[in-house]
Amino acid sequence: MLPVQIGFFLAVRQIKRSTLWSTVLITAVMTLTFLNLVVVSGILVGLIEGAQYAVRERYTSDVIISNLRENKFIEDSPRVLRVAETLPNVKAISPRYVVNGTAEANYQYRTDPNTIPEEVGTQVVGIDIAKEDAVSGISDLVVEGRYLQEGDFDKVVLGSMLLAKYLQIDSEAFPALKDVEIGSKIRLTIGDVVREVEVVGITKSKVDEIDRRIFMLDSQVRSMMRTSEFNLDEIAISLTDEKYADATKQALIANGIDKLAKVQTYIDAQPKFLQDIKKTFALLGAMISSIGLAVAAITIFIVIFINAITRQKYIGIMKAIGINASAIQISYVFQSLFYAVIGSAIGLFILYVLLVPYFDANPINFPFSDGILVAPLGSTMFRITLLVLTTVVAGFIPARIIVRKNTLDSILGRR
Amino acid sequence: MIKIKSIKKIFKQGEVETKVLKGIDLEIKEGEFVAIMGRSGAGKSTLLYQMSLLDTPTSGEIIIDGIKVSDMSQVEKTNFRLRNLGFVFQDYALIPELTATENVMLPLLMQGYDMNYSIKKAKEVLKTLGLDNHFDNLPNQMSGGEQQRVSIARAVVHSPKIIFADEPTANLDLESSKAVIKVLEETCKKFKHTVVMVTHEEEYGEVADRVIRIVDGKVGN
């Protein structure tokens, strides 16, 4: 215990009376290392988490019900809808009709019937405009024109990836409509029903499932499908809190809905590749961070080594007057600890008070997601522990090297 | 108090051997003020380092208070120095980031005394040495003479049996040198410390009870 107290006594005085600039410099290195540890992997993971968030917010919501593989639609859709409406914590529900179709543009100017029509395969989605907006906030996604209104007959909102000017990939594998603007007429085909519709809006969400769809009023889609039955294809359920997703899924299953449709939470419905990329990015982030950690360890090693070597004489004198080696080594461990803790504390402040709120308010605009900074407290604390331990070891080793030198050699400055 | 038997110290550098101490026998009594004198390179400082356990002789025995200290491990030597020895170095050797009081209280803290007692005791000793205006001064805020007096305070604060002083006046002006020697002399008499001082200045050797002259690695006449 005594060497710890003496070590602390010496460390406090050495830190207190060291030059301000050296303290600022070392602390800055530790802060930057901490941020490197947390922010690099946090942004990489945040890119994918941003994509997952967008899929949940814009497409699946918290729970999504869709048709079973063997059925074309959700069996007994009105009953499924009724059950969903009775469940607790349900905030909004959007029933959707989803049907495959094609959209053709510029057919007015196609004079030669042998030329290939300019068309794209798509999913036409019939929505209740108010309910869909309450679940997915689709009206906020309209980047040109306007959202659908009641009475919008033969009017559609197009997903941006159906249009060449947004897709920006000139490939036969990704067909897109050219020269389609707000007010343009396109030819929509569902089965054998063909209808000329007007484009009133364009949505852009960074979620492929949304951006390759065409949205119409549900009554319009049903009329094109020539059905008067309420055979829904998707029901997206928004909850008061995402934490109820699993409980809601279980409640639906308990009501036998899984016999009529596929019931998934937003996690179940996430594309697997996103989860795989997230793991890969986390690994990549850890690798980059570990380089940062090594740099910090080397920096602290050099700083403590130089400090100890320039104070070699005084270390020798302390040993001569009876201060034991452990106390002197511990004083350097405390100094390293001080720099690591102060650096991490400043880093924590920058992270949670500045960076996380900033990236939440201003996500990084990536083509496939709005990247946020993911820094869960548990993992951040783990990284701090890692940084502190590395720093302490990096401070202890050079101190031990110098302290172990012969006392008289240290005092006389002999090698 | 201190018995030295056939102490030899040989420094080796590659194939070259330098015999600095060539078999020294001597005895120093309790409470004695001894000056070790000799020409530069005679081996007087080397002898002091062997006696004060800062260095290990190539051969021979050192016995302090009946204990054969030359056979001790480094850790045992450190503990022995802490409890029984005090040091005054040529260049004061104060820890630069510690105030005068903190420098002086260091051996007390290491002996397990609490902070309050150590501060009180350190200030008491500093006051005795006329440094009551310098309690909170860092070494670089004091003159050479003042620093050396702080160094003496650190050497005596824990009431060691023996004080070793290696050329304590070498970096001081005449006035400060006289003051430092006077303090050492008074300390020796007042507290019955045994003082072993290395000096090359004849004038200061005269204040000692006995002068041991080292000539070419041996005790001279």
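# Helix packing, a buried arginine and positive phi values

Helices α11(A) and α12(A) are roughly antiparallel to each other. Their axes make an angle of about 150°, and angles over 145 degrees count as roughly antiparallel. The model is predicted.

**Helix pair α11(A) and α12(A)**

- Helix α11 of chain A spans residues 325-361, and helix α12 of chain A spans residues 377-403.
- The two axes lie 8 Å apart.
- The crossing of α11(A) and α12(A) is right-handed.

- Helix α10 of chain A runs over residues 312-320 and is mostly covered.
- Seven of the nine residues in α10(A) are buried.
- The buried set consists of A:Q312, A:I315, A:G316, A:I317, A:M318, A:K319 and A:A320.
- A:G322 follows α10(A) and has a positive phi, near 105°.

**A:R213 in strand β8**

- A:R213 sits in strand β8 of chain A, which covers residues 213-217.
- The relative accessible area of A:R213 is 2%. Buried means under 20%, so A:R213 is buried.
- The side chain of A:R213 makes a polar contact with the side chain of A:Q123, at 3.2 Å.
- Leaving aside residues up to four places away in sequence, A:R213 touches A:Y59, A:R96, A:V98, A:T122, A:Q123, A:V125, A:V157, A:L158, A:G159, A:L162 and A:E234.

**Positive phi in chain B**

- B:D65 has a phi near 55°, a positive value in a residue other than glycine.
- In chain B, the loop between β4 (59-64) and β5 (67-68) holds B:D65.
- B:D65 has a relative accessible area of 37%. That value falls between the 20% and 50% limits, so B:D65 is partly exposed.
- B:A93 also has a phi near 55°, and B:A93 is likewise a residue other than glycine.
- B:A93 belongs to the loop between β6 (85-88) and α3 (100-110) of chain B.
- Is B:A93 buried or exposed? B:A93 counts as buried, because its relative accessibility is 2%.

Methods:
Residues are numbered from 1 along each chain as its sequence is written. Chains are lettered from A and ligands numbered from 1 in the order in which they are written. This is a predicted model: local features need pLDDT of at least 70, side-chain atom pairs count only at pLDDT 80 or more; totals for chains, interfaces and linings use all residues. Side-chain values use heavy atoms; hydrogens and water are left out. Helices (H or I, at least four residues) and strands (E, at least two) are DSSP runs, numbered from the N terminus. Buried means under 20% relative accessible area, exposed over 50%, partly exposed in between (1.4 Å probe, protein chains only). A polar contact is a pair of N or O atoms within 3.5 Å; within protein, one must be able to donate a hydrogen and the other to accept it, and residues adjacent in sequence count only if both atoms are side-chain atoms. Contact means heavy atoms within 4.5 Å. Axes are lines fitted to C-alpha atoms, for helices over the stretch in contact, and angles run from 0 to 180 degrees between N-to-C directions. Angles under 35 degrees count as roughly parallel, over 145 as roughly antiparallel, 65 to 115 as roughly perpendicular and the rest as oblique. A crossing is left-handed if the near helix is turned anticlockwise from the far one by less than a right angle, and right-handed if clockwise.
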